[in-house]
Amino acid sequence: RWKKSFPGRPQRRMLLLVNPCSGTGRAIARCRQIVLPILEEAGIEYELKVTERQNHAWEMVQSLRLEEWDGLVIVSGDGLLYEVINGLMARSDWEQAIKIPLGIVPAGSGNALAGAVNHYTGHKRVMGDNLLTHLAFLLCKGACRPLDLVSVTTSLGRRLFSFLCIAWGFVSDVDIESERFRLLGGARFTLGTLARIASLRTYRGRLSYLPTSIPGDRAAAMAAGRNFIRSATLCGQSDGPKLAGRRAAMHRNMSDGALVEEMGLAGKWESTDDWDGSPPQEGYSSSCQSPDSETPPFSGIWQLGETVQSPDPVINRTFMTSNGGELGGKADGPGLVYGPPDDLLPFLDEPIPQHWRQEENDYVLVLAIYQSHLAADLLFSPLALPDDGIIHLWLVRAGISRRALLRFFMALARGRNLNVDSPHVVHITARAFRLEPLQPGGIITVDGEQVEYGPLQAQIHPHLARLIVG
Ligand code: ADP
Ligand code: MG
């Protein structure tokens, strides 16, 4: 932990979070040798904190005093930023917290966002220490640009916030399978790609999406008239390592027109009722009371037949109200959260709206990406901007030859994949989508981190965060 301050001068202050294990493990050294001297030269005050374990950054941002910092800078790969964004979104004051300017200095093995920022500034493609130096320079310039976030709902009902991509098939396989070659840095992806082309496999799945070209989808969803909430998910952990016992989050999948706000509750939760695990009966109602006296009781008005479900191993239970009964917390109490409602999405177990499109296919890969780069040297979606409100869906359908696939990846490396003229390669722009794997066994990643395998859906929330782009 290092600090540098310039007493008496009004300065910008940046908090740097460094992951000593990212990339080839040289983040701290690179930070000291390259980043800190640049910040000092620019007269920027900083404090540097080294993460000690996975989820440490998530925990640190819970107690972060927003007013003390002009920027939160991740010196790592994309994984640490993903953790930080989800940490900020788990705060009771997420709406302000997520507006803290976020910076990235590439010290990981993926570094997609750093490559993208470099690209957005119009700078020529650079790699390694040159990229790192450029990004440190952009921090000093300090201008921000809005950053879209994508809200992801997984099969377990978890809600995640993603800034980069959701991948299934080829891309996620390479990402996760090449973890053991970490010491190679970015070269691990090249090696993984070649290995995967050699042993090519396909996945059957169904993809549904809301194309951006159809206007008025929000109005249509409202006209469909589902104005009640049917399911909700307690997605916090009462004392699991991730949430450090401090927060239970209430997240509901809501349809348009839902009357009740998203809610979450701080505190270590215990249920005060004596539910025995049997299916809820007519007339059942439930409430939760935190043993932590600072937290208000969990109560509120719910609609008939609502289900409140928790995948959390500690809380692990389902509640159902059947009498418009009480469950929830005062919406204005402390610690009530959780991100903007997903107004474009039905529930994950419900049919897609009629104006969505759908296809069922065998895929080599399905990639939803909302930045230009998938790695510092992989310009996957040349048209993507951080604040265009668009999810770029890239599909590579089965039937593509190994040669064509190799050509596709070589074009990618040069950012020319839009020119690839193959009936098997498809580019779609959407605002929301649902992905349903139709065969068992596979890897899905969100921002390069593996999540539970199964159906998931996502929608974009334009301009939710802010990104330092210089
Ligand atoms: P890379 O691009 O090299 O994968 P990331 O930034 O994606 O780098 O980080 C990879 C993972 O390392 C993240 O999931 C993060 O939570 C985890 N992590 C952060 N700090 C530590 C640490 N001190 N020890 C081990 N893992 C850590
Ligand atoms: Mg990573």
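Helices (H or I, at least four residues) and strands (E, at least two) are DSSP runs, numbered from the N terminus. Phi of Asn111 is near 55°, a positive value in a residue other than glycine. Most residues other than glycine have a negative phi. The model is predicted, and local features need pLDDT of at least 70. Residues are numbered from 1 along each chain as its sequence is written.

Asp447 also has a positive phi, of about 50°, although it is not a glycine. Asp447 lies in the loop between β23 (444–446) and β24 (449–451). At 3% relative accessibility, Asp447 counts as buried.

Helix α3 (residues 78–89) has 12 residues. From first C-alpha to last, α3 reaches 17 Å, close to the expected 16 Å. The expected span is 1.5 Å times one less than the number of residues. Of the 12 residues of α3, 11 are buried, so the helix is largely enclosed by the rest of the structure. Among them are Asp78, Glu83, Asn86 and Met89.

The axes of α8 (residues 187–198) and α10 (residues 402–413) come within 10 Å and cross at roughly 160°. Axes are lines fitted to C-alpha atoms over the stretch in contact, with angles from 0 to 180 degrees between N-to-C directions. The two helices are therefore roughly antiparallel (over 145 degrees). Thr193, Leu194, Ile197 and Ala198 in α8 meet Arg402, Leu405, Leu406 and Phe409 in α10, with contact meaning heavy atoms within 4.5 Å.

Conventions. Chains are lettered from A and ligands numbered from 1 in the order in which they are written. This is a predicted model: local features need pLDDT of at least 70, side-chain atom pairs count only at pLDDT 80 or more; totals for chains, interfaces and linings use all residues. Side-chain values use heavy atoms; hydrogens and water are left out. Angles under 35 degrees count as roughly parallel, over 145 as roughly antiparallel, 65 to 115 as roughly perpendicular and the rest as oblique. Buried means under 20% relative accessible area, exposed over 50%, partly exposed in between (1.4 Å probe, protein chains only).
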